[in-house]
Structures are given as structure tokens and as C-alpha cells.
Amino acid sequence: MKYQIDETGRLPEKPKYSHKELNNMAEKVLFDASDILGKNIQYPITTDKLTVIIERYVDDLDLYADLEKEYNDKNIEGVTIFLPFKKPHIKISEKLQKYKYKVNRLRTTLAHELGHVIIHDPLWQREFSKLQLPFDTNEQRIQICKRKTLFSKDEPNYEHYDWIEWQANYFASALLMPKNAIYKAYRKFTSERKIFSQISDDSSDANDLINLLSQEFQLSNEAVRVRLKQMKILVDQEDLTNSPTLF
């Protein structure tokens, strides 16, 4: 990890993490939660298990927050509050609890907010330590997350112009769709179809693999597509090679 100037101005510096480093962060959380998840993790990781995991890293988790009223914005689905010398607080929109069809959005939002806690709380604690404030200060920093920035963003330069959200998104993806689990499913899929290279993003094989993993991990097709492209399993046709380089 390297530090760079934060062009957004939110922090003096921003950490530049590689995909490997972010994957490792998520894998460590899963490893440390083996008493909750078991040695052989069953997918999808349920909301209940995610909640128990998150409670280890925060001082308060509110799953029924009226975020629309609190922030006067109906599009907010999660909030992480960073506090000096304390564990963060997480608030999740009550709307995600009301309807069963939103259960996967709830899981992705929980994983995303956990990403902020794991990756970004140390950054804010470093900044808080510079302040000449008493320990009972009301100073805090708030990360507000809206649906449009959660999980499946794959726009050019998104990693740079909103690096905080991009990092939390990548962490959430790596937590809910771990690299080794993806590779295991990919090997089986390519073996059965006798595919010996990466897969073109616009092919029928790509669509079939996405649908398969979407069912296994109970996540949207778009979220799966972004994960597979980040892992270089799906590639643009012009980048398609004749020899697998994934493993």
C-alpha cells in the first residue's frame, strides 16, 4: 500500500491499495470469523452472519435507521460514522428490512459499510489523533452511501474520483464473493465446457457464468460481472488471450 495526495480533499492523503491487498483484507475478516461461518463457508453469507461479524468491529449497528428523515434524502442506504478513539457506528436504512426482495441489497450494504470500517477507520483515527481535543469530543466524520455508489460501479476512473466508495465496494465484493470461491466455480465451469482461455465479456459463456454465480452468491448479475472483470476472468474481446493466466 502506498499513500498519494487525496485530490478530493477529504483527507490529506489517500491509501492506494492493490486488488490483492483488498482481497487479503476481506479474506482476513472471513478467516477471523471462522467461528461464525465455519471452516467451509456456505454461500451466500447470510444477513444474520454478516450482522454478527460486523458487531465485532463497531460500537453500534442500527439496522432500522430512518436515514431518509435524518438526512433528508430517500436514496441513502447506509452510513458509517467515524468517532475519535472509538469504534465506528453503522446505520442501515430501515427500508432494506421491510421487503424480502431487498435482502441482497441489505447484504451488499452491510458488507460495504464494513469495508469503510476496516479500510477507512484507521485513516480517520490518524487524523483525529492530530486534533487538540478532549477524549469526550463530539468530533466525528460521516460517510454517507447511496444506492448509486454501492457495489457495482464500473465507470472509468471511479477508483480515482471516489476512491473511498470504490475501496468499500471492492471490499464488499471480495467479502461476499471471495476470490478462491470464484476460482473454484470458474474452474468447474470451464472444465465442463472445455474452455481453455479467459472468457469474452459479451459471449454466451460469460452470461451463463454470471447467471451461475449470481445464483450461488445471491447477488445481482451486474455485481457479479464487475467482480469477474476485476479478476480478469471476463475480458474484452480484443484482450482475449489463448492461454489462461489466472491461476
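Ring pairs link F82, W124 and F128 into a cluster. Rings here are those of Phe, Tyr and Trp (its six-membered ring), and they pair if their centres lie within 6.5 Å. Planes under 30 degrees apart count as stacked, over 60 as edge-to-face, and the rest as tilted.

The model is predicted: local features need pLDDT of at least 70, side-chain atom pairs count only at pLDDT 80 or more, and totals for chains, interfaces and linings use all residues. Residues are numbered from 1 along each chain as its sequence is written, and side-chain values use heavy atoms, with hydrogens and water left out.

**Aromatic pairs**

A search of the whole structure finds four aromatic pairs. Two of them are set out here.

| Pair | Geometry | Centre to centre | Angle between planes |
|---|---|---|---|
| Y43 and F217 | edge-to-face | 5.2 Å | 65° |
| W166 and Y170 | tilted | 5.5 Å | 35° |

Y43 lies in the loop between α2 (34-37) and α3 (47-55), and F217 in helix α10 (residues 204-217), so the pair ties together parts that are 174 residues apart in sequence. Helices are DSSP runs (H or I, at least four residues), as are strands (E, at least two), numbered from the N terminus. W166 and Y170 both lie in helix α8 (residues 163-176), four residues apart, about one turn of the helix.

Burial goes by relative accessible area: buried is under 20%, exposed over 50%, partly exposed in between (1.4 Å probe, protein chains only). Y43 is partly exposed at 23%. F217 is buried at 0%. W166 is buried at 8%, and Y170 is buried at 2%.

**Helix α6**

Helix α6 covers residues 103-128. Its 26 residues should span 38 Å at 1.5 Å a residue, and its end C-alpha atoms are 35 Å apart, which agrees. The expected span is 1.5 Å times one less than the number of residues. α6 bends by about 50° at H120, and a proline, P122, follows within four residues. The bend is the angle between axes fitted to the seven residues ending there and the seven starting there. Of the 26 residues in α6, 20 are buried.

The charged end of R126 sits over the ring of Y3, 4.6 Å from its centre. That term requires NZ of Lys or CZ of Arg within 6 Å of the ring centre and within 35 degrees of the ring normal.

**Around P15**

P15 is in strand β2 (residues 13-16). P15 is buried, at 2% relative accessibility. Leaving aside neighbours within four places in sequence, P15 is in contact (heavy atoms within 4.5 Å) with M1, K2, Y3, L123, W163 and Q167. P15 and I164 are 149 residues apart in sequence, yet 9.4 Å apart in space, C-alpha to C-alpha.
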